[in-house]
Amino acid sequence: QVQLVESGGGLVQFGGSLRLSCAASGRSFSINRMGWYRQAPGKQRELVAGIASGGSTNYADSVKGRFTISRDNAKNTVYLQMNSLKPEDTAVYSCNADVTVYSGTYTYRNVYWGQGTQVTVSS
């Protein structure tokens, strides 16, 4: 079992910035990939940004140039720096991790989700 806990959401004005954090915890695991998703009311959940174990990143077109995903492997934490925020960025942001878990001699791979953190951008 792996737990993901997000923090850093809140209310910000148009053009402002927020930094989201997602910390993974568990007994014995390694993270293959971490990412951020978001879902606004009435809209589909979408991938915002992802980062692989080697450091390669990908972003939704709507956030390129404004958001930056980064990772601290020693802390098992992924960050999402969000700049130049727009009202359309308002959503629940959820952390996602593709994880390999080591349980005794048993190894398995699974995808875990955090509970989400609300980001609201006022006009």
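The structure is a predicted model, in which local features need pLDDT of at least 70 and side-chain atom pairs count only at pLDDT 80 or more, while totals for chains, interfaces and linings use all residues. Residues are numbered from 1 along each chain as its sequence is written, and side-chain values use heavy atoms, with hydrogens and water left out.

Cys22 and Cys95 form a disulfide with their sulfur atoms 2.0 Å apart, where a disulfide is defined as a pair of cysteine sulfur atoms within 2.5 Å; by this rule the count comes to one. The link is left-handed, with -85 degrees about the S-S bond. Because Cys22 lies in strand 3 (residues 18-26) and Cys95 in strand 9 (residues 91-103), the pair ties together parts that are 73 residues apart in sequence; strands are DSSP runs (E, at least two residues), numbered from the N terminus.

Thr117 belongs to strand 11, which spans residues 117-122, and at 12% relative accessibility this residue also counts as buried. A polar atom of the Thr117 side chain lies 3.3 Å from the backbone nitrogen of Gly9. When neighbours within four places in sequence are left aside, Thr117 is in contact (heavy atoms within 4.5 Å) with Glu6, Gly9, Leu20, Ala91, Val92 and Tyr93.

Terms used
Helices (H or I, at least four residues) and strands (E, at least two) are DSSP runs, numbered from the N terminus. Buried means under 20% relative accessible area, exposed over 50%, partly exposed in between (1.4 Å probe, protein chains only). A polar contact is a pair of N or O atoms within 3.5 Å; within protein, one must be able to donate a hydrogen and the other to accept it, and residues adjacent in sequence count only if both atoms are side-chain atoms.
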